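Welcome! Please take a moment to look over the sequence and the 3D view below before reading on.

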Amino acid sequence: MDAKEDSLQDALAALNLLFAEKLPSKLAEIEAALAQFMEHPQDVDALTLLHRLLHTMSGSAGTFGFDDLGRRSRQLEVRIKALLTGAVWIDLERAQFNADVRDYLAGALLPTKDAALALAPVMLANKTQDDASSRLIYILDQDAAMCTSIGVQLQHFGYSFEIIPDLKALAGKLAAIDPELILMNLGAGDDAYAGASEIERIRASGISSAQVLFFADTNSFQNRLRAVRSGGSAYVTKPVDMSLLIERVDGLMKNAYNKGYRILIIDDDVATSKYHASILESAHMSVQVLNNPLQLFEVMSEFRPELILLDVYMPKCDGVELAKMVRQDDTFLDIPIVFLSTERDFAKQLDAVKAGADDFLSKPIPAEFLVSAISTRAERYRSLRTLILRDGLTGLYNHTAIKEELISEVAISNRNQAALAVAMLDLDNFKHVNDTYGHPIGDQVLRTLSRLLRQRLRRSDVLGRYGGEEFLVIFPATSALSAQIVLDEVRLAFMALQQHSEQGEFSVTFSAGVSDLSLAQDVDALIACADAALYEAKKTGKNRVVLGLAKPS
């Protein structure tokens with residue numbers, strides 16, 4: 001178990017202890033609600049409160065490993081829920097319920113802190129990155145010149161590489177450091193499948209879990225079938241098209257980890273919501289917890305979740321009502337809503353679906369199942385949004401979407417009194433590229449720049465294709481000067497890349513202009529300032545990044 005998994009286990013154990021420590025006060029709340037209900041059996045508010053407290057306990061107790069407590073809480077919750085749906089109890093039934101709850105309360109305090117630690121859940125094993133293997137790629141092929149060329153190109157996109165001299169050395173290298181990805185020939189020498197056989201042996205020994213991209217001289221069915229059977233994740237024929245190879249590498253590296261989905265958890269139970277947040281964060285998701293549903297729209301506007309995970313029963317506003325409110329706002333109409341609750345009443349679950357829920361999960365839920373269910377829904381949402389908001393060629397935001405992103409980012413920066421920079425980029429002499437090498441090669445150049453920007457910039461930076469060969473980049477919490485320094489590094493890396501065509505290799509450059517909120521205060525002014533700086537970069541020789549100037553008042 002590595003340091004990150006140790007840290008997660010420590011955090012979950014601490015939450016188990018926190019639950020055990022707060023258990024007496026939670027049980028006292030249930031006892032007080034029971035007394036109120038017994039004194040005023042016709043009081044709907046007292047009945048609703050007792051039901052909600054038992055519902056919360058049934059979910060949280062099961063989540064933290066107190067299975068018997070969770071089961072008994074659930075049984076009592078189901079019994080009292082009947083009163084909420086129109087059932088009537090005679091005095092004897094009410095007295096029996098009172099006796100059963102008090103017996104339940106007396107037995108609930110038996111678990112100790114030691115028991116809480118012993119019940120700390122075993123987490124799913126998540127692939128984590130360490131400093132040694134982060135973005136590391138092994139390259140193995142008999143063509144040493146090709147290996148070196150591939151490695152140099154990979155470096156421009158932020159990857160590190162190591163060339164493995166031969167198949168015999170591969171297992172030893174993998175035992176020392178397991179990389180993210182292996183690029184290797186399907187065969188070696190006279191054996192057309194020596195590379196595939198070695199990967200099969202390595203997989204069987206458990207030395208490595210790295211993904212493999214195979215090279216081969218032909219695109220035959222048999223070659224591709226052997227590559228798949230050997231556990232290959234991708235297949236590229238020689239001579240290697242460097243642009244295609246980088247695309248394949250990017251795709252495989254993205255698949256190695258969950259993609260930072262933004263998840264909003266809404267639950268009034270603080271400990272349980274923190275527990276679920278810890279699990280999702282361990283799977284590399286960005287999670288925000290909201291314990292007060294009254295702040296829903298403020299949080300959603302700023303956090304912009306890709307999925308909402310919420311409970312059914314909460315004070316002041318229940319989950320079904322929240323789902324209806326979200327679905328009535330066109331801004332959030334398509335965001336997935338997933339309920340996570342101990343509620344097993346199909347009628348109540350149907351109410352949630354009618355309110356706009358996409359899924360209904362039951363507490364307690366295994367960590368691996370939670371991660372899988374949430375990531376699947378979030379990925380589908382992201383994919384659908386991509387079709388609507390993304391440029392088909394580059395995968396970046398299209399013109400309309402990037403302007404909407406800029407409007408949102410400017411509002412957030414102004415509200416938080418934070419810095420924000422905007423850059424306009426334009427490829428130099430791009431018409432000459434299209435005229436000389438053809439439009440498909442021009443498209444290749446556009447994809448290469450967009451890929452390099454995604455690799456070199458932060459996840460928080462926002463990228464868009466503004467039009468033609470022009471790009472817009474948003475740098476939250478960044479000054480124009482800092483953005484200029486970063487873009488200049490990208491410019492140098494892009495200039496060093498070799499573009500491939502039938503006519504031979506060539507390189508391309510870009511120019512950029514940068515502005516920030518100290519130079520212009522609204523969206524149109526920011527773009528105009530960056531555009532003016534871009535014009536200055538073009539006028540003074542191209543292949544440079546120029547800072548904008550404040551407009552004279």
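## The whole protein

What you see is a predicted model. The protein has 553 residues, and buried residues make up 50% of them. Its secondary structure comprises 20 helices and 15 strands. Along the principal axes, the C-alpha trace spans about 95 × 70 × 35 Å.

If you take the contacts in the protein with a separation of 6 or more, residues 24 or more positions apart account for 69% of them.

## A parallel sheet and its helices

In general, strands of a sheet pair through backbone hydrogen bonds, either parallel or antiparallel.

For a closer look, find strand β1, which covers residues 136–140 and is joined to β2 by 4 bridges. Tyr 138 has Glu 162 in β2 as its bridge partner.

## Two annotated spans

UniProt, in an unreviewed entry, lists residues 136–253 and 262–378 under "domain: Response regulatory". In the model, the end C-alpha atoms of residues 262–378 lie 8 Å apart. That span is 44% helix and 20% strand.

## Aromatic rings

A pair of aromatic rings is described by the distance of the centres and the angle of the planes. The count of aromatic pairs comes to 7. One of them is formed by Phe 37 and Trp 89, with ring centres 6.4 Å apart; the planes meet at 75 degrees, which is over 60, so the pair is edge-to-face. This pair links distant parts of the chain, 52 residues apart: Phe 37 belongs to helix α1 (residues 3–39), while Trp 89 is in the loop between α3 (67–84) and α4 (91–108). Phe 37 has a relative accessible area of 1% and is buried. Trp 89 is buried too, with a value of 15%. Ring pairs also bring in Phe 97, making a cluster of Phe 37, Trp 89 and Phe 97.

Another pair, Phe 494 and Phe 510, is tilted, at 5.9 Å centre to centre and 45 degrees between the planes. Phe 494 sits in helix α19 (residues 480–496) and Phe 510 in strand β14 (residues 510–516), so this pair ties together parts that are 16 residues apart in sequence. Both Phe 494 and Phe 510 are buried. A ring can have a charged neighbour as well: Arg 390 lies over the face of Tyr 397, at 4.0 Å from the ring centre.

## Asp 311

Our last stop is a residue with its own record. The unreviewed UniProt entry annotates Asp 311 as "modified residue: 4-aspartylphosphate". Asp 311 is in the loop between β8 (307–310) and α13 (319–327).

Is Asp 311 buried or exposed? With a relative accessible area of 2%, which is under 20%, Asp 311 counts as buried. Leaving aside residues up to four places away in sequence, Asp 311 touches His 55, Ile 266, Asp 267, Gly 319, Phe 339, Leu 340, Ser 341 and Lys 363.

Methods
Residues numbered from 1 in each chain as written. Predicted model: local features only at pLDDT ≥ 70, side-chain atom pairs only at ≥ 80, totals over all residues. Heavy atoms only, no water. Pairing = 2+ DSSP bridges. Helix = DSSP H or I, 4+ residues; strand = E, 2+ residues; numbered from the N terminus. UniProt positions renumbered as here; feature names shortened; annotations may be inferred. Phe/Tyr/Trp six-rings, centres within 6.5 Å; stacked < 30°, edge-to-face > 60°. Buried < 20%, exposed > 50% of the residue type's maximum accessible area, 1.4 Å probe, protein only. Lys NZ or Arg CZ within 6 Å of the ring centre and 35° of its normal. Contact = heavy atoms within 4.5 Å.
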